[in-house]
Amino acid sequence: MSLFTILLSALLVNNFVLVRFLGICPFMGVSKQVDSAIGMGLATTFVMVVAAAATWLIQWFILEPFGLPFLQNMSFILVIASMVQLVEMFLHKTSPGLYRAMGIFLPLITTNCAILGLAIMAVQNSYTFIETVIFALGGGLGFTLALILLAGIREELQLADIPKPLRGAGIAFILAGLLSLAFGGFAGLV
Amino acid sequence: MNTTIISLVSMGSLAALFALGLAVASKKFAVETDPRVEEIEGVLPGVNCGACGFAGCSAFAEGVATGKAPVNGCPVGGATVAKMVASIMGVESDGLKRRVAQVLCKGGHAEAKQRGDYDGPKDCRIAHATQGGDKACSYGCLGYGSCVAACQFDAMYMDENGLPVVIEDNCTACGKCVDACPRDIIMLVDEEQGVHIRCRSLLTGRFVRQVCSVGCIACQRCVKVCPTGAIYMEDNLARINYDKCTNCRECVAVCPMNTIEWQEGKALLEKVAVS
């Protein structure tokens, strides 16, 4: 599989949020404004790429040689949690506005299943190091894309006359469903 | 056994490595926070009631420090806290009028009729949702004390007549009782106001008389007698505009149902006429 195929697959065809349904929590939580959606997407992308690289090293240089595959989840979570801490500190220092906009969802990247899922999938597919990083980049950008798409629509919807029972989370879930259906159209591209 | 040791050593060293990295990063990315935020938080009551409109005391403190919240924005702390916050921020506090909760119903067991028995949970909201409760007046106090239970400051109790009483010295105007009351009987009013129309019934006079001996029958005498035009009639109920009321008590004297009540110990007020 070429690197481009891997990237495209993770970005669109097997989009982590809209096709694999991973990482729904920040997808619904931080998609009210495009600005914070971009920030959240990029933060998650960064964590994904770094975590994927680190987990690849851990998997093939520690877990496999020592026969410790059962420690996979634990060590991966360790890596992800540390990376999230790092991102949190960095954002708090460099962009307090973004830090506040993301609120609780920033530390919650730790438990974003898309990241752990990505790391484990990369191992299952026996990707090389470069492939893993590209896979993570595609996954992260796909996550960002999904977030921005939903946030853009939700921003427009602020002005729309939505039936009362559907306002807020209700219409967001319907939108997410429609987006997911739309992304189904990419199936078979790769 | 061997696996155990290898797992422990490998995971331990990994964790140590990350911990070291994070320790270095936390030094490098240390954020200097506004020291005033902590100071302000120190003088706030710290009950995180949310009455200021912020998500807790620390959020309010941050709001004050960044100029998003007024220094006197804490209704619980009142004037004392407002002064302390103002001195931390280095500005003059323009004084916050203390507000207290007022119960706008006088129909206790003695005055208001029951229309049946209610055996459900002793909670006003549940009673209200159960066919409107057992009181004949569908606007009056149900008397199960949800407001008292909601009060975090021991500022309310139920009297023998089944009505909540506010201990004004303890009341912080946090508004929890206002939210708890399903009948919207409790209202936050400036402490200095001493004249209150203690009825919320929108029934016409005839029906009020059938269910309660102290309800507003919309006779309009108070409206006519009020020298400042502070009382007006809306939906069969006399209402008071506290911005205009001067505590002159003319209305208290003429009210045939004794619905309008004067609280002893409050002074006459001078008010600039509002056009």
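Helices (H or I, at least four residues) and strands (E, at least two) are DSSP runs numbered from the N terminus. The model is predicted: local features need pLDDT of at least 70 and side-chain atom pairs count only at pLDDT 80 or more, while totals for chains, interfaces and linings use all residues. Residues are numbered from 1 along each chain as its sequence is written, and chains are lettered from A and ligands numbered from 1 in the order in which they are written.

H6(A) comprises the twelve residues 113–124. Its buried residues are A:Ala114, A:Ile115, A:Leu116, A:Leu118, A:Ala119, A:Met121, A:Ala122 and A:Val123. The expected span of a helix is 1.5 Å times one less than its number of residues; for H6(A) this gives 16 Å, in agreement with the 16 Å between its end C-alpha atoms. After H6(A) comes A:Ser126, with a positive phi near 50°.

Confidence is expressed as pLDDT, the predictor's confidence in each residue, from 0 to 100. Chain A averages 88, and 99% of its residues score at least 70. Within chain A, helix H5 (residues 96–102) has the lowest confidence, at a mean of 77, whereas H7(A) has the highest, at 93.

Chain B contains ten helices and eight strands. Of its 275 residues, 33% are buried. Two residues are in contact if their C-beta atoms, placed from the backbone, lie within 7 Å. Among contacts in chain B with a separation of 6 or more, 54% join residues 24 or more positions apart.

Most residues other than glycine have a negative phi. B:Asp184, however, has a positive phi of about 55°; this residue lies in the loop between helix H7 (176–180) and strand E4 (186–190) of chain B. B:Asp184 is exposed, because 11 other C-beta atoms lie within 10 Å. B:Asn247 likewise has a positive phi, of about 60°, and is found in the loop between strand E7 (237–240) and helix H10 (250–254) of chain B. With 17 C-beta neighbours inside 10 Å, B:Asn247 is partly exposed.

The two chains also meet: 14 residues of chain B are in contact with 15 residues of chain A. The side of chain B that touches chain A has nine nonpolar residues (Ala, Val, Leu, Ile, Met, Phe, Trp, Tyr, Cys and Pro), no charged ones (Asp, Glu, Lys and Arg) and five polar ones (the others, Gly among them).

Conventions: Buried ≥ 20, exposed ≤ 12 C-beta atoms within 10 Å, placed from the backbone.
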